[in-house]
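Student: I've got the sequence and the coordinates open, and I'd like to go through them by question and answer. Can we start with whatever background the first question needs?

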Amino acid sequence: MKFGIFYEISVPRPWENDIEHEVYHRCLEQVRVADEMGFHSVWAVEHHFLEEYSHCSAPELFLTACAMQTKQIRVGHGIVVCVPQFNHPIRAAERAAVLDILSDGRLEFGTGRSATWTELGGMDANPDETKETWDEYTRTIPQMWTNERYGYEGRAFRMPTRAVLPKPYQKPHPPMWVAVSSPGTEIDAAERGMGSLGLTFGGFAEQEEKVDRYRSRIRDCEPAGLFVNERVATVNFLYCHPDNETGIKTGSRLTGSFGYLAAQLLPVREVHPTRSYPNPGLLAATRQQAAQNPGEGMSAPEGVCIGNPDRLVEEIKKWESCGVDQINFLLNALETIPQQEVLDSLRLFGEEVMPHFVDDKPATTSEPRELAASAAAGGD
Amino acid sequence: MPINGNADPGQLTRYAPTMPNLDTEALTLPNVKVLQVIYEIDDSVMAELLPPALHPTIPPTMHVIGLRADEGPLGAFTLASVRVGCRAAVRPRGLPTRAVCTEGAAATALEERWGFPITVGEPVLRERYDRQSIEVNDGNVAVLSAQLVDPVPIGNGDLLYTAGMHVANVERDGETKPWLVQVDPDFEVSRADRGAAQIDAFDSNFWDAPDLRPVYPIIASYTTANITLPKIRYICDPLQPAISGTVAL
């Protein structure tokens, strides 16, 4: 089991007195502590226009700052929006390669397509086309990274042959992930040999089913990149406190605030009927459990990592038994929890929870045919 | 925390009905034609359009809805309404500012049993192969003309209709005052089209929302559906956040 931290970078109103500057620098301080405690990765979303919920519109810059201030922790795009109106694929490939170089090969490359009208409408992108453009990006970006020169004529974009530079530091390229929010997207990840970067969570049973489907399908995958990244990550909240009741009470403030805030945005599904978005998407399920009563919840929903170290160990063991390889934690929303408490929570988690979990799986795995052979031999 | 509405509920009630009671039974209207035209609206006034109980969505929206029932327990009728998209705590909702309904049993029932802010008039829902439209005139002046242009079929399950929060005067504990009445109809869709949204005429004063200004089209849909108007299950104090001001009946 690996542990990461996950940033939306939520900034409360009023947006004055340098609040965005303060929040960004608090996040960087948290990342430095997470690095010291041995967390595996820091992830940053790409969101646009999501007032208070996420002011993280240039994650490559935030992640570069993270990389420059840390030694071990990997830096993850969670995710790059693979829609031309947001990011041209060449620019996405170039920026990622630079980040990989500057971080000395610590980049995890998450991909996705946005799920809100707030963003897609704001960028004048057509929600009907985002699945197709995402697919093209995931096929072509690894080619840009690994071929000296590359040319392409496709649906979302075209380019005459050019050298896309620089090339990533990791060879053949950084591990690739897919944002998994809607049910069934884990199959998309598996079929392309990419990691499943969960951005929502249901209960243990639902997660176990998702993992089973993912593991089963990835054995026959056609990798989008040059290797298979067989990993399942899920997202969670983290507030760890020596006193369980205090931990749950404070953590419930966090989960409630996050969920309440997210609900104010406009999912594609609500205003733009399309088969491309059959479910509310990334902003829905994570908040469902939490959003009922912000600030007043006193019991922790199943699997939510708030409470004392013993409770967190117990919950994480359950996630582990579901087949989850990595949990990425949201640490704050709307600055609900004071910075010192966030840092104390991270340190307590690092000292008293992380030692219970062995980090024994390599970051990347093998070719699909080797996975199939391993399965036939009864291995995993 | 999110932006709250700041409108005085008293200013939102010019067409608000008085509901004699809240003991409404559910009622199914068969094969109703439903046109919904959704626009983003001028965000500078989004808080002024809603009471403190509700939050504007980001971005703020309006829904123009046209209904035509050719049969059913309320007889044939046509309804046009304008709603402001919003949230009651975390729930997607729409706040009607005014509705115009053809005269008859439907107008009375929708007003008294479900709290629609009804004015009797002559809305017209037109169905063409290349477009569907809802039109309302006030005298000789067009106060609403909204269309779906270039319809294409979509899946019946692709659509999501949000519930309404209807401002109505309701007596509770001996006091009659404005409440938000939650009306969450069930839509059983048998056919659905989607197309470009287009508003050609909109008189915000007529629709009792002088600052409401559609600025950016999102999409329009046109469906045939069995609509079940619900029992009233919740009401909400318009002056309190919905999370604390909602009362289960």
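This is a predicted model: local features need pLDDT of at least 70, side-chain atom pairs count only at pLDDT 80 or more; totals for chains, interfaces and linings use all residues.

Student: Then how does helix H8 of chain A compare with the span expected at 1.5 Å a residue?

Tutor: H8(A) covers residues 244-262, which makes 19 residues. The expected figure at 1.5 Å a residue is 27 Å. From its first C-alpha to its last, the helix reaches a distance close to that, namely 27 Å.

Student: Is H8(A) enclosed or open, and how many of its residues are buried?

Tutor: Buried here means under 20% relative accessible area. H8(A) is largely enclosed by the rest of the structure, because the buried count out of its 19 residues is 14.

Student: Zooming out, what share of chain A counts as buried?

Tutor: Chain A holds 13 helices and 11 strands. Among its contacts between residues at least 6 apart in sequence, 78% join residues at least 24 apart. Of the chain's 380 residues, the share that counts as buried is 61%.

Student: How much area is buried between chain B and chain A?

Tutor: The size of an interface is often given as the accessible area lost when the parts come together. In this case 28 residues of chain B touch 29 residues of chain A. Carbon and sulfur atoms give 56% of the buried area, and the total is about 2600 Å².

Student: Which residues of chain B lose the most area to chain A?

Tutor: Three residues stand out, together making up 25% of what the chain B side buries. They are B:Met1, B:Ile58 and B:Asp158.

Student: Is B:Thr61 buried or exposed, and which residue of chain A does it contact?

Tutor: B:Thr61 is found in strand S4 of chain B. At 1% relative accessibility, it counts as buried. Leaving aside neighbours within four places in sequence, its contacts include B:Ile38, B:Tyr39, B:Arg83 and B:Ile218, along with A:Leu266.

Student: What about the second largest pocket: which element has the largest share of its lining?

Tutor: This pocket holds about 360 Å³. It is lined by 26 residues, and the closest to its centre are A:Gly112, A:Arg113, A:Ala179, A:Ser181 and A:Thr185. Strands S3 and S7 and helices H5 and H6 of chain A each supply two or more residues. The largest share, three residues, comes from S3(A).

Student: And how many charged residues are in that lining?

Tutor: The lining of the second largest pocket divides into 12 nonpolar and 10 polar residues, plus the charged ones. The charged count is four.

Student: On to the backbone. Which prolines follow a cis peptide bond?

Tutor: Most residues other than glycine have a negative phi, and most peptide bonds are trans. The bond from A:Leu165 is cis, with omega about 0 degrees, and the bond from A:Lys171 is cis too, with omega near 5 degrees. The prolines sit in the loop between S6 and S7 of chain A. They are A:Pro166 and A:Pro172.

Student: A:Asp124 and A:Glu335 have positive phi; which of them counts as exposed?

Tutor: A:Asp124 has phi of about 60 degrees and lies in the loop between H4 and H5 of chain A. A:Glu335 has phi near 55 degrees and lies in the loop between S11 and H12 of chain A. Exposed means over 50% relative accessible area. A:Glu335, at 21%, counts as partly exposed, whereas the exposed one, at 56%, is A:Asp124.

Key
Residues are numbered from 1 along each chain as its sequence is written. Chains are lettered from A and ligands numbered from 1 in the order in which they are written. Side-chain values use heavy atoms; hydrogens and water are left out. Helices (H or I, at least four residues) and strands (E, at least two) are DSSP runs, numbered from the N terminus. The expected span of a helix is 1.5 Å times one less than its number of residues. Buried means under 20% relative accessible area, exposed over 50%, partly exposed in between (1.4 Å probe, protein chains only). Contact means heavy atoms within 4.5 Å. Buried area is the accessible area (1.4 Å probe) that two parts lose on being put together, summed over both. On a 1 Å grid over the protein atoms alone, a cavity is a set of points where a 1.4 Å probe fits but cannot get out, and a pocket is an open set with protein on both sides within 12 Å along at least five of seven lines; lining residues have an atom within 4 Å of a point. Grid points are joined across faces, edges and corners, and a volume is the space filled by probe spheres set on the points. Ala, Val, Leu, Ile, Met, Phe, Trp, Tyr, Cys and Pro count as nonpolar, Asp, Glu, Lys and Arg as charged, and the others, Gly among them, as polar.
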